[in-house]
Amino acid sequence: MADVARLAGVSRSTVSYVLSGTRSISEETRRRVLVAMEALDYAPNALAQALAGRRTGLLGLLLTTESLGQGVDTAGYLTAAADEARALGSHMLLLPGPADDADSVRETARQGLVDGFLVMEVYTADARVDYLREAGVPFVLIGRTDDTTGTAFCDADFDAAAEEAVAHLTALGHTDVAVLVRSEGDDGAHRPGVDVRSAAAIDAAVTRHGVRARVLPTPATFAAGWDAYAGLAAEPVTAVVICNETAGLGFVSAATAAGVRIPQDLSVLSLFAGTEAGDLTRPRLTSVGPDHWAMASRAVGYLVRRVAGESAEDLQDLSEPVFIDRGSTGAPAR
């Protein structure tokens, strides 16, 4: 900063005022300081600014370690969030950790390393969220806990998506379907909100339409999806709804390897995954799900507003489902 001040012919405090915006500086002086910064390739140190009581320009992204490597959806959310943060003048700091342990979040918040937190893969009961609420730290959820009082969030509208998917299949004439979901862990009460809400939404939709549904809890792996097809081959279903992106890849691969024609022999629909998930298989899959790019970008915008002091109650959004027909569903064979 001293070097910038010498080159610009101003005091060091003037450089500080230009960076912080805490005092009015003439446009001509401000321009000289910025030119000097550019010439010296100078950028303020975010951690030093935090120690001085200013905002760091960093936003923490909390992601459970369990969800790392879980598919294109996670990557899409991360990329969209980072791009939006950069567009709004901030940067995203990835902070992986368990959902049932708030220690790492607590340390990051206490050290003042970030201005606020974006929380992904939110559990129905989430220790990270409990701590952030108690500490009064700005945060926004991509997803939601069971209790959303005073909480800013962006989540998928699971009920609307399930209704659109099941209505689409019943309109084609399907009455017997299989539903490929992620299997529960050891603690069924401690689960990601996406699993709980998607299961409830599907159950309500098939009941409403009088559809007979066989639910197939499956680990989120390619091999488990392949095996799931083998276990389903003799069942009298005419359509499969995939709510498990990674296992879905294995399922479709196994079906096509067995000579199944999609959709002539079996209709397949991807549900709740992002808009890109249906392009991962061959044949491509008709899909109903949220636009994760739009949802993640909106969540980052909400977080910036929370950091600025806006009320969380006004920042709650359910993303409308996007239906993309890629030709993987049709009338059941007679």
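Mentor: Buried means under 20% relative accessible area. Keep in mind that this is a predicted model.

Trainee: Okay. How much of the chain counts as buried?

Mentor: Of its 334 residues, 47% do.

Trainee: What does the C-alpha trace span along its principal axes?

Mentor: About 85 × 40 × 35 Å.

Trainee: How many helices and strands are there?

Mentor: The chain has 12 helices and 12 strands.

Trainee: What about contacts between residues at least 6 apart in sequence: how many join residues at least 24 apart?

Mentor: 71% of them.

Trainee: Switching to helix packing. How do α10 and α11 pack?

Mentor: Helix α10 covers residues 222-232 and helix α11 covers 245-257. Their axes are 6 Å apart, at an angle of about 50°. The two are therefore oblique to each other.

Trainee: Is that crossing left-handed or right-handed?

Mentor: Right-handed, as α10 passes α11.

Trainee: Which residues meet there?

Mentor: From α10, Phe-222, Gly-225, Trp-226, Ala-228, Tyr-229 and Leu-232. On the α11 side they meet residues including Leu-249, Gly-250, Phe-251 and Ser-253. By class, that contact has 11 nonpolar, four polar and no charged residues.

Trainee: Now α8 and α9. What are the angle and the distance there?

Mentor: Helix α8 is 158-172 and helix α9 is 193-209. Their axes cross at roughly 40° and come within 8 Å. That makes α8 and α9 oblique to each other. α8 passes α9 in a right-handed crossing.

Trainee: Which residues make the contact?

Mentor: On α8, Phe-158, Asp-159, Ala-162, Glu-163, Val-166, Ala-167 and Thr-170. The α9 residues include Arg-197, Ile-202, Val-206, Arg-208 and His-209.

Trainee: And by class?

Mentor: Nine nonpolar, three polar and four charged residues.

Trainee: New topic: Thr-281. Where does it lie?

Mentor: In the loop between β9 (267-271) and β10 (286-289).

Trainee: Is Thr-281 buried or exposed?

Mentor: Buried. Its relative accessible area is 6%, and the cut-off for buried is under 20%.

Trainee: How far is Thr-281 from Gly-248?

Mentor: In sequence, 33 residues. In space, 8.7 Å from C-alpha to C-alpha.

Conventions
Residues numbered from 1 in each chain as written. Predicted model: local features only at pLDDT ≥ 70, side-chain atom pairs only at ≥ 80, totals over all residues. Heavy atoms only, no water. Axes fitted to C-alpha atoms, helices over the stretch in contact; angles between N-to-C directions. Helix = DSSP H or I, 4+ residues; strand = E, 2+ residues; numbered from the N terminus. Parallel < 35°, antiparallel > 145°, perpendicular 65-115°, else oblique. Left-handed = near helix turned anticlockwise from the far one by under 90°. Contact = heavy atoms within 4.5 Å. Nonpolar A, V, L, I, M, F, W, Y, C, P; charged D, E, K, R; others polar. Buried < 20%, exposed > 50% of the residue type's maximum accessible area, 1.4 Å probe, protein only.
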